[in-house]
Amino acid sequence: MKRSRTHRFETLAVHAGHGVDAATGAVAPPIHLSTTFERAADGSYPHGYLYSRNDNPNRNGLEAALAALEGGSSGAAFASGLAAVTAIFQGLQPGDHVVAPKDIYHGTANVLKHLFAKWQVGATFVDMTRLDDVKRAVRAHTRIVWIETPSNPLLQCVDIAAMAGVAHHAGARAVADNTFASPALQRPLDLGCDMVMHATTKYLGGRSDVLGGAVITRADDEAFAQVRTAQLFGGAVPSPFDCWLVMRSLPTLPYRMRAHCANARKVATFLREHPKVSAVHYPGLEDNAFHALAKKQMSDFGGMLSFEVKGGKDAAMTVAAQVEVFTRATSLGGVESLIEHRASIEGPESKTPQGLLRVSVGLEHADDLIDDLAQALDHCA
Ligand SMILES: *Cc1c(COP(=O)(O)O)cnc(C)c1O
């Protein structure tokens, strides 16, 4: 497909990053497992491929597709979401500083605290729902303002355009982890961010069967060149098959997201009325503190929600143990609904309420999900 920029999201999701295979006429992309590529008689590489860590047709296709979906100029795919996170921070120097949300994905916090702190990259974690706190946290050496919205597991929303403004005013870059929303619902580059990061493990993969990450950039600038260097020299690249799996899921992304959102809205509405539930965190609920902001910067409210059960940890554990349609497991974004007691997986440093359960609402029938939660909640005292 040519001139992809002029097409709408659904069309890009089907076509961006690949076309009919020139060698065979195959309509679906083949998987190129070869690690190495032949030189021509003059020593050049006539097809542009040299070695699979540098470039691979499946990876290049995925990178182009993700760049198109986020409205960016280029993408770089990685072996996991955290490999993508790590590549972004590898572009920093000792003495550089990152401002990040307090409720950042715990794995990203681990990268900053346990991998980069010892290389003198500083990080300040702030409540990003408070603009003044973010402004105060910015320093002369702040290079990145990291945004994650909606957040995990309280589904708090951060004003992306405002954060990008704070970052740019300080001469820093705004980078958004867009994993929870996916580009089907939220496009941070359009709202002023410089880079977007994804765990393609989640909605982009969509099947809970492939681990991957990506960085998409607004411009092919020096910071993105650093990400490419980390990819090429660091080598945390995804396999051709993993790229193919993510690519295979992209055409259904917009349609899956519509169903995830519709189901999540129904489940959230049910939970809010339930006598054993003390709180529901879902920006799609009209009385949610982040509803107006989410409405402004997202096209829909997503498939993730969390709720708090009266009776704290014991009650939450009872619900997690009694569900039958939901699977009790970590992660999100797959076709199957998942539920988990978040404080347990986050470990002793977690500030997540003990009665909280996080839910990734899948593509089952919403009424079966609701019936399942109803019977599980009936087991609570
Ligand atoms: C899962 C996740 C990551 C990390 O991705 P991995 O593929 O598990 O390394 C980063 N950010 C968010 C918001 C995630 O949900």
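Helices (H or I, at least four residues) and strands (E, at least two) are DSSP runs, numbered from the N terminus. The structure is a predicted model, in which local features need pLDDT of at least 70, side-chain atom pairs count only at pLDDT 80 or more, and totals for chains, interfaces and linings use all residues. Residues are numbered from 1 along each chain as its sequence is written, and side-chain values use heavy atoms, with hydrogens and water left out.

**Pockets**

Rolling a probe the size of a water molecule over the atoms shows where empty space is left. Here the search runs on a 1 Å grid over the protein atoms alone with a 1.4 Å probe; a pocket is an open set of points with protein on both sides within 12 Å along at least five of seven lines, and lining residues have an atom within 4 Å of a point. Grid points are joined across faces, edges and corners, and a volume is the space filled by probe spheres set on the points. Ala, Val, Leu, Ile, Met, Phe, Trp, Tyr, Cys and Pro count as nonpolar, Asp, Glu, Lys and Arg as charged, and the others, Gly among them, as polar.

The largest pocket has a volume of about 670 Å³. Its lining has 26 residues, and Lys102, Asp103, Ile104, Glu349 and Lys351 lie nearest the centre. At least two lining residues come from each of α4 (106-116), β3 (122-126) and α12 (342-346). Helix α4 gives the most, with four residues. By class, this lining has 10 nonpolar, eight polar and eight charged residues.

The second largest pocket holds about 340 Å³ of space. It is lined by 18 residues, with Asp21, Pro29, Pro30, His32 and Pro57 closest to its centre. Two or more lining residues come from each of α2 (57-70) and α8 (240-249). Helix α2 gives the most, with four residues. The classes here are 11 nonpolar, six polar and one charged.

**Aromatic rings**

A pair of aromatic rings is described by the distance of the centres and the angle of the planes. Rings of Phe, Tyr and Trp (its six-membered ring) pair if their centres lie within 6.5 Å; planes under 30 degrees apart count as stacked, over 60 as edge-to-face and the rest as tilted. The count comes to four aromatic pairs. Two of them are tabulated.

| Pair | Centre to centre | Angle between planes | Class |
|---|---|---|---|
| Phe37 and Tyr49 | 5.3 Å | 35 degrees | tilted |
| Phe89 and Trp146 | 5.1 Å | 40 degrees | tilted |

Phe37 and Tyr49 both sit in the loop between α1 (9-15) and α2, 12 residues apart. Phe89 in α3 (residues 81-89) and Trp146 in β4 (residues 142-148) are 57 residues apart. Both Phe89 and Trp146 are buried, that is, under 20% relative accessible area with a 1.4 Å probe, where exposed is over 50% and partly exposed in between (protein chains only). Phe89, Phe116 and Trp146 form one aromatic cluster.

Charges also sit over rings (NZ of Lys or CZ of Arg within 6 Å of the ring centre and within 35 degrees of the ring normal). Lys113 lies over the face of Phe125, 5.4 Å from the ring centre. The charged end of Arg258 is over the ring of Tyr255, 4.8 Å from its centre.

**Strand β11**

Strand β11 (residues 338-341) is covered on both faces: Leu338 and Glu340 are buried on one side, Ile339 and His341 on the other. Two strands pair if DSSP finds at least two bridges between them. Strand β10 (residues 327-328) pairs with β11 in the parallel sense over two bridges. Arg328 has Ile339 of β11 as its bridge partner. Strands β11 and β12 (residues 356-360) run antiparallel, joined by four bridges. Leu357 in β12 is the bridge partner of His341.
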